[in-house]
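Biologist: Please bring up the model, and let us work through a few of its residues and helix pairs in turn.

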Amino acid sequence: MQKVIVGLSGGVDSSVAALILKKRGYEVIGLFMHNWEDKDSNNKCTWKEDSIDAMLVAKQLDIPFQVVEMKNEYEKHVINYMFNDYRSGKTPNPDVLCNREIKFNVFLKKALDLGADFIATGHYVNKEKIVKNQKTIYRLLIGKDLDKDQSYFLCQLTQYQLKKSLFPLGLLTKNQVRKIAKKHKLWNASKKESQGLCFVGKINLPDFLKKRIPPKKGEIVYINSNTSVYQEKKFFSSKEKELFFLSRKKKYKKSDGKIIGYHQGAPYFTKGQRKGIALGGYKEPLFVIDTDIKNNIVYTGMGKQHPGLYNKSLFIQEKNIHWIRKDLTIFEGEQMDVFCRIRYRQPLQKSKLYKIKKGMFIEFEHMQCAITEGQFAAWYLGKELIGSGVIYIILYFFSKIEYIL
């Protein structure tokens, strides 16, 4: 009998995952990861409630259960990373980081130390094993429930992590999972979905960031959609130079627009953000089109179609390119037609990878809204997620043909 340790979160998904695995004949153990405890928060202590829910489900399933302390690791690999990125004007994805560094790294190692053959989670994804050139390869496939597919959040996993992981919910829909939970009268069958940051929960982001990034009054500048910044027309001697141009960070100056208000800190804002600007009186909503961390300026534009929100290409530095399927890696000068998404639940976008010496471009068939530095781009072949990378915004000085990477 193979032993599998399930990351019981207290939610219905991981609970049903444990139930399914037990029915399949595995020796199942439930572990609750205690990763975060905000002592300064006035909110009720949700982790204690979640751990009790997980314990009660384990008791119902008649499986061993324990709480594992991982607060230090979570603080180091997720929280610190998150604050550092916001401090520098980037927008990190803590859910992707949590999976890469905590659930499928620290938690996996603890599980293996306890003699487990596998770990399991309640993610809505599928895994498939194939043999290619006499070598076993694990494929990460989208879940059956397209509304719940969580492959994007696992875009940084390795072959070893996939080998040691089970995803019992991949062929189920959320409704089917609820029905299974109710049929077996699980304690948390009707429990609401968890929301917010991975293990932190629902938060007010500016308030959360203020704990380590002090408020600093700055200007909100309005940029008209007809400004000369958007009238540039260039001719390029190569596809690479064109892609550099298309992926660049538009260089705004305060004189390009007008001051329309003030904010408490540019790091609290991200490109594409609508809420939090708190300025009315415009025909259409205002959106953040860029932030200048050095000068503490937030640039805004009116309406979802504002040109400052859109780019047709993005860049990933060489050090941040990650291939789940290393056998499909492309090399300098090579291209690959793929489908890509730059955020969770975004419909897959037809696109093309271009590999150069210093990294890789992704050029989209259609313009993309709010491509944001620090987020992850994930690329797929059909239903299989094969790679991902951290989005990097190029500082582009066309007059000198200078690319800063």
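Biologist: With which residues is Gln375 in contact, leaving aside its neighbours within four places in sequence?

Modeller: This is a predicted model, and side-chain atom pairs count in it only at pLDDT 80 or more. Gln375 sits in the loop between strand E16 (359-369) and strand E17 (376-381). Beyond four places in sequence, the contacts of Gln375 are Thr91, Pro92, Asn93, Tyr152, Ile342, Gly389, Val390 and Ile391.

Biologist: Is Gln375 buried or exposed?

Modeller: The side chain of Gln375 has a polar atom 2.9 Å from the backbone oxygen of Thr91. Residues under 20% relative accessible area count as buried. The relative accessible area of Gln375 is 14%, so Gln375 is buried.

Biologist: Which side chain lies 2.8 Å from that of Arg341 in a polar contact?

Modeller: Arg341 belongs to strand E14 (residues 335-341). Its contacts, apart from neighbours within four places in sequence, include Asp149, Ser151, Tyr152 and Tyr380. With the side chain of Asp149, the side chain of Arg341 makes a polar contact at 3.5 Å. The polar contact at 2.8 Å is with the side chain of Tyr380.

Biologist: Does Arg341 count as buried or exposed?

Modeller: The cut-off for a buried residue is under 20% relative accessible area. Arg341 has a relative accessibility of 10%, and therefore counts as buried.

Biologist: What is the relative orientation of H1 and H6?

Modeller: The axes of helix H1 (residues 12-23) and helix H6 (residues 174-183) come within 10 Å and cross at roughly 65°. Angles of 65 to 115 degrees count as roughly perpendicular. H1 and H6 are therefore roughly perpendicular.

Biologist: How many charged residues are in the contact of H1 with H6?

Modeller: H1 contributes Val12, Asp13, Val16 and Leu19, and H6 contributes Lys174, Val177, Arg178, Ile180 and Ala181. By class, this contact has six nonpolar residues, no polar ones, and charged residues numbering three.

Biologist: How are H3 and H4 oriented to each other?

Modeller: Helix H3 (residues 71-87) packs with helix H4 (residues 94-113) at about 165°, their axes being 10 Å apart. Since angles over 145 degrees count as roughly antiparallel, H3 and H4 are roughly antiparallel.

Biologist: How many nonpolar residues does the contact of H3 with H4 have?

Modeller: From H3 come Glu73, Tyr74, His77, Val78, Tyr81 and Met82, and from H4 come Pro94, Leu97, Cys98, Glu101, Ile102, Val106 and Lys110. Of these residues, one is polar, three are charged, and the nonpolar ones number nine.

Definitions and conventions:
Residues are numbered from 1 along each chain as its sequence is written. This is a predicted model: local features need pLDDT of at least 70, side-chain atom pairs count only at pLDDT 80 or more; totals for chains, interfaces and linings use all residues. Side-chain values use heavy atoms; hydrogens and water are left out. Helices (H or I, at least four residues) and strands (E, at least two) are DSSP runs, numbered from the N terminus. Buried means under 20% relative accessible area, exposed over 50%, partly exposed in between (1.4 Å probe, protein chains only). A polar contact is a pair of N or O atoms within 3.5 Å; within protein, one must be able to donate a hydrogen and the other to accept it, and residues adjacent in sequence count only if both atoms are side-chain atoms. Contact means heavy atoms within 4.5 Å. Axes are lines fitted to C-alpha atoms, for helices over the stretch in contact, and angles run from 0 to 180 degrees between N-to-C directions. Angles under 35 degrees count as roughly parallel, over 145 as roughly antiparallel, 65 to 115 as roughly perpendicular and the rest as oblique. Ala, Val, Leu, Ile, Met, Phe, Trp, Tyr, Cys and Pro count as nonpolar, Asp, Glu, Lys and Arg as charged, and the others, Gly among them, as polar.
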